[in-house]
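Me: I have a structure open that I have not looked at before. Can we go through it together?

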Amino acid sequence: MGIQLADGQVLTAQTSQVNERSDLVINNFVEKWLYLSFNWTTDDLTVEIEKTKSKVPGNVYASTFAVTTKKDFRNSYSKQFAELIDKATDRKSSIQSAISIDYISEKPTKIGEGLWEVNVVSTWTGLDTSNGKEVFQIPFNKKLRLKSIPIAGKPTFTNPEEITQLQSIVNEINQYGLQIIEIENYDLR
């Protein structure tokens, strides 16, 4: 079905239950989260997370908005990820980080109403930008549990200059109507 938005934009849409998400939406959300979490350089803007006193690249900070705040999970995730970044980069001055995704479950496993599990197999790599040498390669194989949340309405701004890059990224993440509620290691065996 086609729909026309108030701004005149025309989109193709399908109806679904409020807590349902298509496999494609789930996979796109996971892929977006992975790229935000792992594609950055140590030269990028660094954000200090007040509650955990940890520092992370701006993209990593933006990616944490895809993680639930319940049971203080977002803060503990941010702190653990900041520690992992420090350990992997070994405080070298200029590291380019990237993720190579080998696999995201094509068919997420529905585990409850508005709940899914998705397996991810990927490799996180870091290059020293001063000499082009690989400084780390870390498997990132995880089982993610996702929960549907209300889909955020598309924000309207009178001037595009009024929206910051962070707001733009967070708004994009919220458009999926999903949130990561658990992350655990995924054993390939």
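Me: What percentage of the contacts with a separation of 6 or more comes from residues 24 or more positions apart?
Reply: Residues 24 or more positions apart account for 67% of those contacts. Keep in mind that this is a predicted model.

Me: OK. How many helices and strands are there?
Reply: The chain has four helices and ten strands. Reading from the N terminus, the order is β-β-α-β-β-β-α-α-β-β-β-β-α-β.

Me: And how much of the chain counts as buried?
Reply: The figure is 38% of the 189 residues.

Me: Which residues have the most contacts inside the largest nonpolar core?
Reply: They are Phe29, Val30, Trp33, Leu34, Trp124 and Leu146, in a core of 36 residues.

Me: Which one gives the largest share?
Reply: Helix H1, with seven residues of this core.

Me: Trp124 was on your list. What does Trp124 touch?
Reply: Leaving out residues up to four places away in sequence, Trp124 touches Phe38, Trp40, Leu84, Ile85, Ala88, Ser97, Ala98, Ile99, Phe136, Gln137 and Ile138.

Me: Several aromatics there. How many aromatic pairs are in the whole structure?
Reply: A search finds eleven. One of them is Trp33 with Phe140: the ring centres are 6.4 Å apart and the planes are at 50°, so this pair is tilted.

Me: Why does 50° make the pair tilted?
Reply: Planes under 30 degrees apart count as stacked and those over 60 as edge-to-face, and the rest are tilted. The planes of Trp33 and Phe140 are at 50°, so their pair falls in that remaining group.

Me: Where do the two residues sit in the chain?
Reply: Trp33 is in helix H1 and Phe140 is in strand S9, 107 residues apart, so the pair links distant parts of the chain.

Me: Is Trp33 buried or exposed? And Phe140, buried or exposed?
Reply: Trp33 is buried, at 1% relative accessible area. Phe140 is buried as well, at 9%.

Me: Which residues do ring pairs link into a cluster?
Reply: The cluster holds Trp33, Phe38, Trp40, Tyr77, Phe81, Trp124, Phe136 and Phe140.

Me: Different thing. Which ring does the charged end of Arg74 sit over?
Reply: The ring of Phe65, with the charged end of Arg74 4.0 Å from the ring centre.

Me: Back to H1. Is Tyr35 buried, exposed or partly exposed?
Reply: Tyr35, which lies in helix H1, counts as partly exposed at 35% relative accessibility.

Me: What is Tyr35 in contact with?
Reply: Apart from neighbours within four places in sequence, Tyr35 is in contact with Ile99 and Ile101. Its C-alpha is also 9.0 Å from that of Ser100, a residue 65 positions away in sequence.

Me: And Asn28, where is that?
Reply: Asn28 is in helix H1 too, partly exposed with a relative accessible area of 33%.

Me: Which elements give two or more residues to the lining?
Reply: H3, S9 and S10.

Key: Residues are numbered from 1 along each chain as its sequence is written. This is a predicted model: local features need pLDDT of at least 70, side-chain atom pairs count only at pLDDT 80 or more; totals for chains, interfaces and linings use all residues. Side-chain values use heavy atoms; hydrogens and water are left out. A nonpolar core is a set of buried Ala, Val, Leu, Ile, Met, Phe, Trp, Tyr and Cys residues joined through side-chain atoms within 4.5 Å. Buried means under 20% relative accessible area, exposed over 50%, partly exposed in between (1.4 Å probe, protein chains only). Contact means heavy atoms within 4.5 Å. Rings of Phe, Tyr and Trp (its six-membered ring) pair if their centres lie within 6.5 Å; planes under 30 degrees apart count as stacked, over 60 as edge-to-face and the rest as tilted. A charge sits over a ring if NZ of Lys or CZ of Arg is within 6 Å of the ring centre and within 35 degrees of the ring normal.
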